[in-house]
Amino acid sequence: MKFAWKVALVTLCILLLSTSVGSYLLISLSFQSALEREIAIAQEEMQMLRLSYEAVCDARGVTLENIGQRGRSLARTLEESASFAGHQFRVITPAGAYVYSTLDFPSDQQLLDMVDRRSSGYVLRQEEKTGRSLLHCAGPVALLDGILYMETVRDVTRLFADRETHYQVYRWIVLLVVGVSSAVMFALSYWLTTPIRSLTRAADQLAQGDYSTRARIMGSDEISELAGNFNHMADAIEKNIQELEDAARRQEDFTGSFVHELKTPLTSIIGYADMLRSRDLGEDMRFKAASYIFSEGKRLERLSLSLMSLLVVGHSAAEARTVNMRSLCTEAVQISRPAMKAKGLSITTRAEEGKLRGDPALLQTLLQNLLDNARKATDSGGQVVLVGRRTEEGYQLTVADQGRGIPAGELGKITEPFYMVDKSRSRAEGGAGLGLALCKEIAALHRGSLHFESKEGKGTIVTVTLGGVDDA
C-alpha cells in the first residue's frame with residue numbers, strides 16, 4: 001500500500017474513532033440527562049397525587065377498614081376533582097386489591113416490593129403492543145390505620161424517539177465526515193508525500209546510472225533534510241564514479257602510451273637488426289645500423305628506468321632523514337650546469353637555509369627532472385633560475401625558465417604519465433613523458449604539491465611546496 005494511502009487511512013480512522021466516540025458519548029449523556037429530568041418530573045407528579053389522595057381520604061374519613069364501603073363514592077370524587085383529571089394512576093391495598101385504577105396493565109410486584117412507608121420506586125417499561133416507553137412509578141399513601149400503594153405512569157416515548165433521531169443524524173454526519181475527510185486526507189497526504197515520491201524517482205534514476213539527477217528540496221522539514229542528504233550522497237557517488245572513470249581513462253592512456261613508446265624504438269631495433277642479419281652491408285652501413293640499435297636500446301633503458309622509478313615511488317614510502325635544502329639545491333645546480341652550458345644556457349640559484357624531513361635521493365631526482373625539463377624547453381642564450389625558501393609548512397622550491405611555455409589548456413595534463421606537449425621534440429631529446437609524473441609522486445610522498453604557471457613564448461614557473469615526510 002502506498003504511503004499516502006496509509007497516512008490517509010490512519011488519519012481517517014483516528015478521526016472517525018474520535019468523532020464516533022465523542023458523538024456517542026454526547027448523545028448518551030444528553031439522553032441520560034433528559035431521562036433523569038423525566039424521572040424527577042414523574043416522581044414529583046406522583047408525590048402531588050399521593051398528597052392529594054391522602055387529603056381526600058382524610059377529609060372523608062377513609063381508612064383501610066372502610067375503604068371497601070366508601071370506594072365508589074371516593075372514585076366519583078377523584079373523577080370530579082381537577083387535581084386528578086388527566087392523570088393515569090392506580091391505588092391498591094397491601095393485599096393487592098384494586099381501590100382505584102385508570103391503568104390498562106397489571107401491577108408490577110417487583111416495583112411494589114421496592115416501596116415502604118418512607119421510599120418510593122420506579123421502573124422503565126416497554127409496551128410490546130404499542131411500543132411506548134413508560135416510567136412506571138410507585139409510592140406509599142399514608143392513611144390513619146395503614147398504607148396504600150399508588151402507581152403512576154409517564155410516557156417517555158418521545159425521549160427515546162429523540163435519541164433514535166439523534167443517532168440517525170449522527171450516522172449521516174459520520175458518513176459525510178468520512179466522505180469529506182477521505183478526500184481532504186488523501187489530498188493532504190498526497191501533498192505531504194510529494195518530496196518522498198521525488199526522492200524515489202531520483203533514487204531510481206540514480207540506480208539506472210543517471211548520476212546527475214538530484215531530488216527536489218521543498219521546505220525545511222525532516223523529509224527536505226533527507227532529500228538534502230540524498231543529494232549530498234549523490235554528489236559523492238557522482239564524484240567517485242567520475243574519479244573511477246578518470247582513473248580508468250588514465251590507465252588506458254598509460255597503457256596505450258607505454259605500448260606506443262615501446263613500439264617506436266623496438267621497430268627501429270628490429271628493422272636494423274634484420275638488415276644486419278639478412279644483408280651484406282658495407283662498413284659504414286653496419287656502423288650506422290649498430291648506432292641506431294644502440295641509441296634506441298638506450299632509449300628503452302631510460303624508459304624502463306623512468307617507469308620503474310615511477311612505479312616504485314608511487315607504491316613505497318620515503319626514507320625520512322634530515323635534508324639540508326640549501327646544500328641540495330647547490331648540488332642539483334652543479335650537476336645540471338655542464339648540460340646547461342653545452343646548450344648555451346646559464347643557471348643560477350638562490351636558496352635559503354632550511355631543513356626538511358625527507359628522502360634526499362628522491363628530492364634530488366625531483367630537482368634534476370625539473371631542471372632538465374627547463375633545459376629542454378629553453379633555447380640557447382636563455383636562463384634557468386632555482387629558488388629555495390623556508391615556509392611555515394616546510395620548504396618551497398621554484399624553477400623558472402625562459403622557454404617556449406605551455407598552452408593554458410595543457411597545464412592540467414602535464415603531470416600525467418607519458419603526456420608530452422611537443423611529442424616529437426621530447427622524443428628527439430630523449431624524453432618519455434614520465435618526468436613530471438615522477439615529480440608529482442615524490443612531492444606527494446613529502447606531503448607537498450606542484451603548481452605550474454606558464455605563458456607561451458615567455459617561459460614556465462614550477463613551484464614545489466614540500467611539508468616533509470612522517471617519521472612513522
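This is a working chat about a predicted model of a single structure.

Me: What does the secondary structure of the chain come to?
Reply: The chain has 11 helices and 12 strands.

Me: How much of it counts as buried?
Reply: Of the 472 residues, 37% count as buried. The accessible surface comes to about 27,700 Å², and carbon and sulfur atoms hold 56% of that.

Me: And what share of the contacts is between residues 24 or more positions apart?
Reply: Such pairs make up 63% of the contacts with a separation of 6 or more.

Me: Switching to salt bridges. How many are there?
Reply: The count is 13.

Me: What does Glu38 pair with?
Reply: Glu38 forms a salt bridge with Arg158, with the closest N and O atoms 3.9 Å apart. Glu38 is in helix 1 and Arg158 is in helix 4 (residues 157-192), so the pair links distant parts of the chain, 120 residues apart.

Me: Are those two buried or exposed?
Reply: Glu38 is buried, with a relative accessible area of 12%. Arg158 is exposed, at 55%.

Me: What about Arg326?
Reply: The side chain of Arg326 forms a salt bridge with that of Glu353, 3.3 Å from N to O. Arg326 is in helix 8 (residues 325-342), and Glu353 is in the loop between strand 7 (346-351) and strand 8 (355-358), so the pair ties together parts that are 27 residues apart in sequence. Arg326 is partly exposed, with a relative accessible area of 40%, and Glu353 counts as partly exposed at 40%.

Me: Which residues do shared partners join into one network?
Reply: Salt bridges that share partners join Glu38, Glu45, Arg154, Arg158 and Asp162.

Me: On to the strands. What does strand 10 pair with?
Reply: Strand 10 pairs with strand 9 (residues 383-390) in the antiparallel sense, over six bridges. Strand 10 also runs antiparallel to strand 12 (residues 459-466), again with six bridges. A hairpin of four residues connects strand 9 to strand 10.

Me: Where does Gln396 sit in that?
Reply: Gln396, in strand 10, stands opposite Arg389. Gln396 also stands opposite Thr465 in strand 12.

Me: Is strand 10 mostly covered or open?
Reply: Mostly covered: strand 10 (residues 395-400) has five of its six residues buried.

Me: Which residues does Gln364 touch?
Reply: Outside four places in sequence, Gln364 is in contact with Leu328, Glu331, Ala332 and Ile335. Gln364 lies in helix 9 (residues 360-377), and its C-alpha atom is 6.6 Å from that of Ala332, which is 32 residues away along the chain. Gln364 counts as buried because its relative accessibility is 12%, under the 20% cut-off.

Me: And Thr93, where is that?
Reply: Thr93 is in the loop between strand 1 (89-92) and strand 2 (98-101). Thr93 is buried at 15% and touches Val99, Leu148 and Tyr149, leaving out residues up to four places away.

Me: Last one: which residues make the nonpolar surface patch?
Reply: Leu17, Val21, Tyr24, Leu25 and Leu29 make the patch, which covers about 520 Å². Tyr24 is in helix 1 (residues 3-60) and is partly exposed, at 47%.

Note on methods. Residues are numbered from 1 along each chain as its sequence is written. This is a predicted model: local features need pLDDT of at least 70, side-chain atom pairs count only at pLDDT 80 or more; totals for chains, interfaces and linings use all residues. Side-chain values use heavy atoms; hydrogens and water are left out. Helices (H or I, at least four residues) and strands (E, at least two) are DSSP runs, numbered from the N terminus. Buried means under 20% relative accessible area, exposed over 50%, partly exposed in between (1.4 Å probe, protein chains only). Contact means heavy atoms within 4.5 Å. Patches are made of residues with over 30% relative accessible area and no salt bridge: like charges are joined within 9 Å, nonpolar side chains (Val, Leu, Ile, Met, Phe, Trp, Tyr) within 5 Å. Accessible areas come from the Shrake-Rupley method with a 1.4 Å probe; for residues, only the protein chains shown count as cover. A salt bridge is a side-chain nitrogen of Lys or Arg within 4 Å of a carboxyl oxygen of Asp or Glu. Two strands pair if DSSP finds at least two bridges between them.
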